[in-house]
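Here is a brief report on one protein chain. Keep the structure open while reading.

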Amino acid sequence: MVYNKMYDGHNGYHESGLDAMAGDGGYELAKASDHIRFKMRRDGKRFWAGDNISEYIQDHKEDLINEATEAFEQVLDTLLIDRETDPNSQGTARRLAKMYFNELMAGRYDPTPNATAFPNDTDGKYEGMLVVRSELKSVCSHHHQPVSGVAYIGIIAGPKLIGLSKYTRIAQWCARRGTLQEELCMDIAREIEFATASGDVAVYIQATHGCCENRGIMAHSSLTQTTVLKGAFKDDPATKKEFFDNVKLQQEFAPR
Ligand SMILES: [Zn+2]
């Protein structure tokens, strides 16, 4: 699909790949983001900072990165940063665009990590608790400042087992968006529940927030903790205690 026309300043072109993509021959917009937004609104699809919209992105990421590069160039110009002669600012707009799509908010644009499930129904069925420690990087929706922390994910194994690294992949996929820590905690619990088919899931996150450390109250070493407990973790005090005992053991093993 060719979107070059939107970059060379020509307007008024007619049927294009983008029109076909919107599924509406009479609908003309120059930018990939306008067409994707149009489709999401048409479908009633929510596209908040913490939402995954991968089914609408497909192979349009490069076009969106090109478009965001131009937009970041405008922001830098407005900030009166000389991106022509300052060697450190040349290419910054493109670096920002790529960083948003491929790193900081990749979890919005990339599909769910593929978590192959293995049946947990053999003679040696594992019935105990599993606690995985996952390092997280996120950005807050309000300021796009870094959020850095650790999620402790607990489950009582259900009918499916997934590879250990998949817990962290899923958690990072949820985190790589614009998030609120409370929502992130719920998102991870829901996705782990879905991937493992276990209703007994706990997620405990502790994180530091750039928007409290780098700006505003400038409070260093302030830590935010959130917990979501489901099933036995919520209903059975012994299970809940075992989970938090495990979290403490994990913290002794790998303090942060
Ligand atoms: Zn913030």
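## Helix H4

This is a predicted model. Helix H4 covers residues 61-78, which makes 18 residues. From its first C-alpha to its last, H4 reaches 25 Å. That is close to the 26 Å expected at 1.5 Å a residue. Just after H4 comes Leu-80, with a positive phi of about 60°.

## The largest nonpolar core

The largest nonpolar core holds 32 residues. Those that touch the most other members are Ala-151, Ile-153, Ile-170, Ala-171, Ile-188, Ile-192 and Val-203.

Take Ala-151 as an example. Leaving out residues up to four places away in sequence, Ala-151 touches Ser-134, Leu-136, Ala-171, Ile-188, Val-203 and Ile-205. Another core lies apart from the largest one and has five residues, including Ala-93, Tyr-100, Met-105 and Tyr-109. In soluble globular proteins, nonpolar side chains tend to be buried together.

## Cys-140

Strand E2 (residues 129-140) contains Cys-140. Is Cys-140 buried or exposed? Cys-140 is buried, because 20 other C-beta atoms lie within 10 Å, and the cut-off for buried is 20 or more.

Setting aside residues up to four places away in sequence, Cys-140 touches Gln-145, Val-147, Gly-178, Thr-179, His-209 and Cys-211. Gln-181 sits 41 residues from Cys-140 along the chain, yet their C-alpha atoms are separated by 8.0 Å.

Definitions and conventions: Residues numbered from 1 in each chain as written. Predicted model: local features only at pLDDT ≥ 70, side-chain atom pairs only at ≥ 80, totals over all residues. Helix = DSSP H or I, 4+ residues; strand = E, 2+ residues; numbered from the N terminus. Buried ≥ 20, exposed ≤ 12 C-beta atoms within 10 Å, placed from the backbone. Contact = placed C-beta atoms within 7 Å. Expected span 1.5 Å × (residues − 1). Core = buried A, V, L, I, M, F, W, Y, C linked by C-beta atoms within 7 Å.
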